[in-house]
Amino acid sequence: MMILLSLHCLFAENDYSTKSDWLLETKGDEQKFKAIQRQLRGFDLAMVEVGYRFNTFYFALKDKNYKLAHYQWDKIRKSMENGIERRPKRKDNSKRMFLDTQYRSMSEALDQKSEKSIWQEYE
Ligand code: HEM
């Protein structure tokens, strides 16, 4: 049964190739763009990047490495903006919850390199 299942997976007919040129070998522009859209995903994938960078941001703050912290903070913004491009319905909440609020106040605290304001903002 498992062997049959594996063979089915290996030889199943689909739009994808198992070769590295899977996109080049996907037929037709529309299919190619659909494949790219699927791979780029939505806001959920932006959140994975946000989560990863937020973790690094936290440890950079602990190390007082404000240059790295600021870099990660700005990449979090970039990741959310790109996520909004893919999922425009997330725009209002993103602005209200982060881009127009916490992002700005933390950026100011980082610019000032003020440990007190940074941790106040963090909380
Ligand atoms: C700085 C930290 C974070 C901020 C400011 C943030 C902010 C947001 C905002 C504004 C939305 C859109 C809400 C809406 O319009 O309904 C959202 C959605 C979401 N967030 Fe986060 N988030 C953060 C971290 C995370 C983390 C660490 C995860 C988990 C890995 C996560 C998972 C999600 C998921 C799954 C969605 C829904 C995505 C979708 O279905 O389109 N977020 N977040």
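In the predicted model, the axes of helix H4 (residues 66–86) and helix H6 (residues 102–112) come within 10 Å and cross at roughly 160 degrees, where axes are lines fitted to C-alpha atoms over the stretch in contact and angles run from 0 to 180 degrees between N-to-C directions. H4 is therefore roughly antiparallel to H6, a term applied to angles over 145 degrees. On the H4 side, the contact is formed by Tyr-66, Ala-69, His-70, Trp-73 and Arg-77, and on the H6 side by Tyr-103, Met-106, Ser-107 and Leu-110; two residues are in contact if their C-beta atoms, placed from the backbone, lie within 7 Å. These contact residues comprise 6 nonpolar, 2 polar and 1 charged (Ala, Val, Leu, Ile, Met, Phe, Trp, Tyr, Cys and Pro count as nonpolar, Asp, Glu, Lys and Arg as charged, and the others, Gly among them, as polar).

The chain contains 7 helices and 0 strands; helices (H or I, at least four residues) and strands (E, at least two) are DSSP runs, numbered from the N terminus.

The ligand is surrounded by 14 residues, the closest being Phe-43, Met-47, Gly-51, Asn-93 and Phe-98; a residue belongs to this shell if its C-beta atom, placed from the backbone, lies within 6 Å of the ligand. Helix H3 (43–62) and helix H5 (91–99) are the elements that give two or more residues to the shell, and H3 supplies the largest share, 7 residues. By class, the shell has 7 nonpolar, 4 polar and 3 charged residues.

Residues are numbered from 1 along each chain as its sequence is written. Local features need pLDDT of at least 70 and side-chain atom pairs count only at pLDDT 80 or more, whereas totals for chains, interfaces and linings use all residues.

Technical notes
Parallel < 35°, antiparallel > 145°, perpendicular 65-115°, else oblique.
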